[in-house]
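Open the model in your viewer and keep the sequence panel beside it. This tour tells you what to select next and what to look for there.

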Amino acid sequence: MAKLEFYYPRNGQVSNSCADEWVRLSTGEKWTNASLGFLSDAWPMPVETNLREQASRDPNHDSNKAIMWYPTLLLNIDFKKALPEEGVKWLFARTESKQIKNGRFDIEVVILDDTGDIVALSHHVALAVPAERNVAKRVTGSKM
């Protein structure tokens, strides 16, 4: 995520379950067909925003600590339009969460070029679990 620069609407997002952003690579590289998979899986968390707002009301909450972890179970990407061979500097992505239920998180990502043409559609299924599961001490080996 450190290689990305996100630019959000000045007036805020259209809903709590949707995030619109223009994205470019901070490395100076251009988006290519090969990098679309990276973009489709590097989206801000609309849900995390809501959780952070709720957590900010808790005086004991550390705002630098992740609340949730979303390991990807399934990622589909449908390429609709090839990018120019030399790549493009900017792409627009709309990320919309469809449902969070029973520890699963469904999301749709629509990637557009600067003319508004659909470049790719992506659908994800991820787990929505407490962040502690990602950083907890791992048990290795078997105890006999």
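**Before you start**

This is a predicted model, in which local features need pLDDT of at least 70, side-chain atom pairs count only at pLDDT 80 or more, and totals for chains, interfaces and linings use all residues. Residues are numbered from 1 along each chain as its sequence is written, and side-chain values use heavy atoms, with hydrogens and water left out.

**Stop 1: the whole chain**

Show the chain as a cartoon. It has three helices and eight strands. Helices (H or I, at least four residues) and strands (E, at least two) are DSSP runs, numbered from the N terminus. Trace the chain along its sequence and the pattern reads β-β-α-α-β-β-β-β-β-β-α.

Of the 144 residues, 34% count as buried. Buried means under 20% relative accessible area, exposed over 50%, and partly exposed in between (1.4 Å probe, protein chains only).

Contacts come next; a contact means heavy atoms within 4.5 Å. Among contacts with a separation of 6 or more, 59% are between residues 24 or more positions apart.

**Stop 2: the sheet**

Select β1, β2, β5, β6, β7 and β4. In that order, these six strands form an open sheet with antiparallel pairing. Two strands pair if DSSP finds at least two bridges between them. β1 and β4 are the edge strands; each has a single partner strand, so one side of each has no neighbour in the sheet. The twist from one strand to the next averages 25°.

**Stop 3: β6 and its two partners**

Colour β6, residues 104–112. Why is β6 largely enclosed by the rest of the structure? Seven of its nine residues are buried, so the rest of the structure largely encloses it.

Nine bridges join β5 to β6, and the two run antiparallel. Pick Thr 95 and look across: its bridge partner in β6 is Val 109. Then pick Gln 99, which stands opposite Asp 106 in β6. At the hairpin of β5 and β6, two residues lie between the strands, and Asn 102 takes a positive phi near 55°.

**Stop 4: Asp 113**

Stay in the loop between β6 and β7 and select Asp 113. Is Asp 113 buried or exposed? At 8% relative accessibility, Asp 113 counts as buried.

Show the neighbours of Asp 113. Leaving out residues up to four places away in sequence, Asp 113 touches Trp 22, Lys 81, Leu 91 and Val 119. The side chain of Asp 113 makes a polar contact of 2.7 Å with the side chain of Thr 115. A polar contact is a pair of N or O atoms within 3.5 Å; within protein, one must be able to donate a hydrogen and the other to accept it, and residues adjacent in sequence count only if both atoms are side-chain atoms.

**Stop 5: the salt bridges**

A salt bridge puts a side-chain nitrogen of Lys or Arg within 4 Å of a carboxyl oxygen of Asp or Glu. By this rule the count comes to seven.

Start with Asp 113 and Lys 81, whose closest N and O atoms are 2.5 Å apart. Asp 113 is in the loop between β6 and β7 and Lys 81 in the loop between β4 and β5, so the pair ties together parts 32 residues apart in sequence. Lys 81 is partly exposed, at 30% relative accessible area.

Move to Glu 5 and Arg 24, which meet in a salt bridge of 2.7 Å, N to O. Glu 5 sits in β1 and Arg 24 in β2, 19 residues apart. Glu 5 is partly exposed at 22%, and Arg 24 is partly exposed at 21%.

Finish at Glu 96 and Lys 98, whose side chains meet in a salt bridge of 3.6 Å, N to O. Glu 96 counts as partly exposed at 26% relative accessibility, and Lys 98 is partly exposed at 48%.

Technical notes:
Axes fitted to C-alpha atoms, helices over the stretch in contact; angles between N-to-C directions.
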